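Come along as I look things up one by one.

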Amino acid sequence: AYDYMMSYSPYDNVEKKNYPNILATGGLNDSQVGFQEPTKWVAKLRAMKTDNNVTLLKINMKSGHGGATGRFDRLKELAFEYSFILSRMG
């Protein structure tokens with residue numbers, strides 16, 4: 001089981017190579033994925049990647065595992081994600 005889990009572990013499978021533009025998100029109050037996990041993953045990606053693409057980390061200080069709650073807060077998160085995508089497309 002350990003070998004199988006390691007085969008799909010995002011952190012343990014980072015290697016020196018080119019990566020696409022990445023927007024990694026997390027929530028401070030996430031009960032299932034601690035905010036330190038995407039933080040460590042992004043730090044390792046930045047240290048190992050061999051390209052000039054953007055690797056951005058955004059931690060929502062109010063959200064949990066499902067993202068922001070409330071209609072307008074969710075729309076703000078969605079707008080941020082669309083903005084990232086559009087900015088990378090030029």
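**Entry 1: the end of a helix.** I started with Met89, which lies in helix H3 (residues 71-89). Helices here are DSSP runs of H or I with at least four residues, strands are E runs of at least two, and both are numbered from the N terminus. Before going on, I noted that this is a predicted model, where local features need pLDDT of at least 70 and side-chain atom pairs count only at pLDDT 80 or more, while totals for chains, interfaces and linings use all residues. I also noted that residues are numbered from 1 along each chain as its sequence is written, and that side-chain values use heavy atoms, with hydrogens and water left out.

**Entry 2: the length of H3.** H3 has 19 residues and reaches 27 Å from its first C-alpha to its last, close to the 27 Å expected at 1.5 Å a residue. The expected span is 1.5 Å times one less than the number of residues. Just after H3, I found Gly90 with a positive phi of about 90°.

Entry 3: Is Met89 buried or exposed? Met89 is exposed, because its relative accessible area is 65%. The cut-offs are under 20% for buried and over 50% for exposed, with partly exposed in between (1.4 Å probe, protein chains only).

**Entry 4: salt bridges.** How many salt bridges are there? I count two, taking a side-chain nitrogen of Lys or Arg within 4 Å of a carboxyl oxygen of Asp or Glu. One joins Lys49 and Asp51 at 2.9 Å, N to O. Lys49 is buried at 17%, and Asp51 counts as buried at 15%. Another joins Arg74 and Glu77 at 3.2 Å, N to O. Both Arg74 and Glu77 lie in H3, three residues apart, about one turn of the helix. An α-helix has 3.6 residues a turn, so residues three or four places apart point the same way. Arg74 is partly exposed at 34%, whereas Glu77 is buried at 12%.

**Entry 5: rings.** My search of the whole structure for aromatic pairs gave one. The rings of Tyr4 and Tyr8 have centres 5.3 Å apart and planes at 65°, so the pair is edge-to-face. The rule pairs rings of Phe, Tyr and Trp (its six-membered ring) with centres within 6.5 Å; planes under 30 degrees apart are stacked, over 60 edge-to-face, and the rest tilted. Both Tyr4 and Tyr8 are exposed. Next I looked for charges over rings, with NZ of Lys or CZ of Arg within 6 Å of the ring centre and within 35 degrees of the ring normal. Lys40 lies over the face of Tyr11, 5.3 Å from the ring centre. The charged end of Lys58 sits over the ring of Phe80, 4.9 Å from its centre.
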